[in-house]
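Colleague: I would like to learn how to read a few features of a structure. Can we go through one together?

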Amino acid sequence: CGGTTVTLNGVTTTSNTSFSWSGPSATSIIAGTETTLIPTVTEAGDYTLTVTDNLTGCSSSDVVTVTQ
């Protein structure tokens, strides 16, 4: 349905981390939420969360699929 949004919820137990979400298109994540644990998305597709430890530079990613 047009105008529908979904809020995703990422979780980490590590402090001093940064977050980055990517989605199926440049406009699929509402601006300003793509670097938080709870982005708001506007379309179906695969969304990837990358969590980076700011002290070590190590990162890990996971994918969630949003369906209509």
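**Reading strands and contacts**

Modeller: T40 counts as buried because its relative accessibility is 17%, buried meaning under 20% relative accessible area, exposed over 50% and partly exposed in between (1.4 Å probe, protein chains only). This is a predicted model, in which local features need pLDDT of at least 70, side-chain atom pairs count only at pLDDT 80 or more, and totals for chains, interfaces and linings use all residues. Residues are numbered from 1 along each chain as its sequence is written, and side-chain values use heavy atoms, with hydrogens and water left out.

Colleague: Which residues does T40 touch, not counting residues up to four places away in sequence?

Modeller: Contact means heavy atoms within 4.5 Å. With that sequence limit, T40 touches T5, V6, T7, S28, I29, I30 and T33. T40 lies in strand 3 (residues 40-41); strands are DSSP runs (E, at least two residues), numbered from the N terminus.

Colleague: How do I read the faces of a strand?

Modeller: In a regular strand the side chains alternate between the two faces of the sheet. In strand 2 (residues 17-22), T17, F19 and W21 form the covered face, while S18, S20 and S22 form the uncovered one.

Colleague: In which sense do strand 2 and strand 4 pair?

Modeller: Two strands pair if DSSP finds at least two bridges between them. Strand 2 and strand 4 (residues 45-53) pair in the antiparallel sense, over 6 bridges. S20 has T50 as its bridge partner in strand 4.

Colleague: With which side chain does the side chain of T65 make a polar contact?

Modeller: A polar contact is a pair of N or O atoms within 3.5 Å; within protein, one must be able to donate a hydrogen and the other to accept it, and residues adjacent in sequence count only if both atoms are side-chain atoms. The T65 side chain makes one with the side chain of D46 (2.6 Å). T65 is in strand 5 (residues 59-66).

How values were computed:
Helices (H or I, at least four residues) and strands (E, at least two) are DSSP runs, numbered from the N terminus.
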